[in-house]
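Open the model in your viewer and keep the selection tool at hand. The stops below say what to select next and what is there.

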Amino acid sequence: MFRGVLESAKEFKKVVDTVATLLDEICFEVDEEGVKAAAMDPSHVALVSLEIPRLAFEEYEADSHEIGIDLEAFKKVMNRAKSKDKLILELDEDKNKLNVIFENTGKRKFSLALLDISSSSVKVPDIEYPNVIMIKGDAFKEALKDADLFSDYVILKVDEEKFVVHAKSDLNESEAVFEKDSSAIISLDVKEAAKSAFNLDYLMDMVKGISKGDIVKIYLGNDMPVKIEYSLAGVNLTFLLAPRIEG
Amino acid sequence: MFRGVLESAKEFKKVVDTVATLLDEICFEVDEEGVKAAAMDPSHVALVSLEIPRLAFEEYEADSHEIGIDLEAFKKVMNRAKSKDKLILELDEDKNKLNVIFENTGKRKFSLALLDISSSSVKVPDIEYPNVIMIKGDAFKEALKDADLFSDYVILKVDEEKFVVHAKSDLNESEAVFEKDSSAIISLDVKEAAKSAFNLDYLMDMVKGISKGDIVKIYLGNDMPVKIEYSLAGVNLTFLLAPRIEG
Amino acid sequence: MFRGVLESAKEFKKVVDTVATLLDEICFEVDEEGVKAAAMDPSHVALVSLEIPRLAFEEYEADSHEIGIDLEAFKKVMNRAKSKDKLILELDEDKNKLNVIFENTGKRKFSLALLDISSSSVKVPDIEYPNVIMIKGDAFKEALKDADLFSDYVILKVDEEKFVVHAKSDLNESEAVFEKDSSAIISLDVKEAAKSAFNLDYLMDMVKGISKGDIVKIYLGNDMPVKIEYSLAGVNLTFLLAPRIEG
């Protein structure tokens, strides 16, 4: 069996929105400890991983299951969530469906067909990074939107003094500079100045669910994939994106 | 002559918006008692009826007239209404126009050409229904939007305990259950459990003008058209929709 | 050199938005006195002129320069302004760029390539007008939007009693009447009743940046171009539009 209750359907909607921009389908691995999933995007450029620890649920009960879900349908359903709705996720093994229930003064139930996919063996690799930037999520998100004006890739740069988000076209440039003591920076852990270019569309998809108040951890090195971590509604999200080789 | 003043142009806009989704043109029958109109939609599946009793107007003066109006043009004009505008409707018999006037600190006047259509003989049939559901309009509207995710028709079900809005595709399902004692239900008058399927697009058009606080009456039987009644800004709206025969 | 600081990037955005709907590129003439620009739109129907006096800037320093800018790119950048951002405009003569900097808790810098265009010799002609209407900008803007429902041109009429914005199609009409003592009218200076027709798209572009609280001056005569003047964020904007010859 599997049944989990989350306090805010609206918050969880952000998680599904974000994941659904990068993946078409997902296989949730549920067990006593909680819910996990990890997958590469269809073009194998980005890795998406999420973890919902048992404690993030108001109520939780689960045996071991793999639950394959079409993310387009899941996203459509989650978009119907209202502000004060609780979210109940529950596996209907007889009908082979995942029930998605919004509970408020009334009860609205959606049943999603299970997909016959099994969990990938993808894991977030255990790499040690020389630099970690903790930054206000919305400031980082806005800097990426700035970059998006004139380019389809972005350069992330960090040294002991500052974190820089830079982009340029043939004619125009954008640059957001976050000094070490700027109010947007929570901490700047730098062992070795680094600079790498990344595909902007992927990065923007990865931060899609972020809103004011969320904090993002950016792990950055030279010639290394960037790792991005944040939590939404008790869900831990991790993204990895390979650097772009500049021509 | 005909001249009527309504307190809120913005509220009346919702009436015109709703009616204009179902009908292309309308013939208002005005007389001393008030304003009436009734018509079938172009594909003859849905019946629309509205009544504005004399008392719904702040000021009212009328002889007998039939006033044919293009609803697309009327809707465009009503969409220009601002929050505090009064609405004056007045027949200009010399120019053969309906003047639509928004009065606030200034005065904005639109003149709509009259159409040469006469009132239909359509009437809401005087059927006795076994079941009447009184429900908060926005709750019903949201349940229809839920149903719209996966299907183009919806099943309405009622028994002594609950009212249910259900829809399904090959893969997925949605269901909103309103228990008798749910806060969305005002009353549930059930003589005979009933269940019928209806075209979802039409139903959604019919409830278009509903907002928070509006109450809807749903008359439901087996193999009967559903009747939907509610009031907007003093205007009584009635809709009838034939059931869908399931294959 | 040139460097100017404006208090509100968000306010200046409205100026750029408005000018960019009419012009593709602009040549700012800067000197000790402030910033100026004037140009005809590409179809040579409308004249756009703007002046930013030195005093409109919080800080200002400039030699004589002509700064050619692509307005599409400038508009994209200005759309990234946030509510509390200051705006710094600064010429980078070495790189041949205009830096557009948003300063708040952080600092976001955009660099726009300079275009090789020189200032036009266009000037707002020094015509004496028989009539001047001072009107609340949003009331005028709404009247133009009303007119836009049924026509692609609008008739502006003024006499000693009122200012009228009128439009009609074959079937329908719209008319906004502003009486001399209406709260939307600040003043009505009329020497000779006048009436002229103008292209509605151009007029609507010209008032695009206007919001609640802005006051517009309309200079109107018979067979004369209409002149429209207002200020946004300390920037004086003037527009001239040739009358339409009615067939």
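Select helix α1 (residues 9-22) and helix α2 (residues 71-78) of chain C: these two pack at an angle of about 150 degrees, and their axes are 9 Å apart. This is a predicted model, in which local features need pLDDT of at least 70 and side-chain atom pairs count only at pLDDT 80 or more, while totals for chains, interfaces and linings use all residues. Residues are numbered from 1 along each chain as its sequence is written, and chains are lettered from A and ligands numbered from 1 in the order in which they are written. Helices (H or I, at least four residues) and strands (E, at least two) are DSSP runs, numbered from the N terminus. Axes are lines fitted to C-alpha atoms, for helices over the stretch in contact, and angles run from 0 to 180 degrees between N-to-C directions.

α1(C) and α2(C) are therefore roughly antiparallel to each other. (Angles under 35 degrees count as roughly parallel, over 145 as roughly antiparallel, 65 to 115 as roughly perpendicular and the rest as oblique.) Where α1(C) passes α2(C), the crossing is left-handed, that is, the near helix is turned anticlockwise from the far one by less than a right angle; clockwise would be right-handed.

Now show the side chains at this crossing. From α1(C), select Phe12(C), Lys13(C), Val16(C), Asp17(C), Val19(C) and Ala20(C); they meet Leu71(C), Glu72(C), Phe74(C), Lys75(C) and Met78(C) of α2(C). Two residues are in contact if their C-beta atoms, placed from the backbone, lie within 7 Å. By type, the residues of this contact divide into seven nonpolar, no polar and four charged. (Ala, Val, Leu, Ile, Met, Phe, Trp, Tyr, Cys and Pro count as nonpolar, Asp, Glu, Lys and Arg as charged, and the others, Gly among them, as polar.)

**Chain C against chain B**

Select chains B and C together. Here 16 residues of chain C are in contact with 13 residues of chain B. On the chain C side, the elements giving two or more residues are α3 (137-147) and β13 (173-179). Which element gives the largest share of that side? It is β13(C), with six residues. The chain C side divides into eight nonpolar, four polar and four charged residues.

Next select strand β9 (residues 107-113) of chain B, which pairs with β13(C) in the antiparallel sense over five bridges. Two strands pair if DSSP finds at least two bridges between them. For one bridge, select Phe110(B): its partner in β13(C) is Ser174(C).

**The sheet of chain B**

Stay with chain B and hide the others. Nine strands form an open sheet here, in the order β6-β2-β3-β4-β18-β17-β16-β10-β14, and the pairing is antiparallel. The edge strands are β6 (65-70) and β14 (185-190) of chain B, each of which pairs on one side only. Neighbouring strands of this sheet are turned by 15 degrees against each other on average, direction ignored.

Ile133(B) has Leu188(B) as its bridge partner in β14(B).

**Chain A against chain B**

Show chain A again beside chain B. The contact takes 13 residues from chain A and 16 residues from chain B. α2 and β9 (107-113) of chain A each supply at least two residues of the chain A side, and β9(A) gives the largest share, seven residues. The residues of the chain A side divide into five nonpolar, three polar and five charged.

Select β9(A) with strand β13 (residues 173-179) of chain B: the two pair in the antiparallel sense over five bridges. The bridge partner of Phe110(A) in β13(B) is Ser174(B).

**The axis**

Last, look at how the copies are related. Chain A is superposed on chain B by a rotation of 120 degrees with 0.1 Å of shift along its axis (RMSD 0.1 Å). That is the relation of a three-fold axis. Copies are superposed by least squares on the C-alpha atoms of residues with pLDDT of at least 70 in both. To end the tour, select Ser83(A): in chain A its C-alpha is the one nearest the axis, 15 Å from it.
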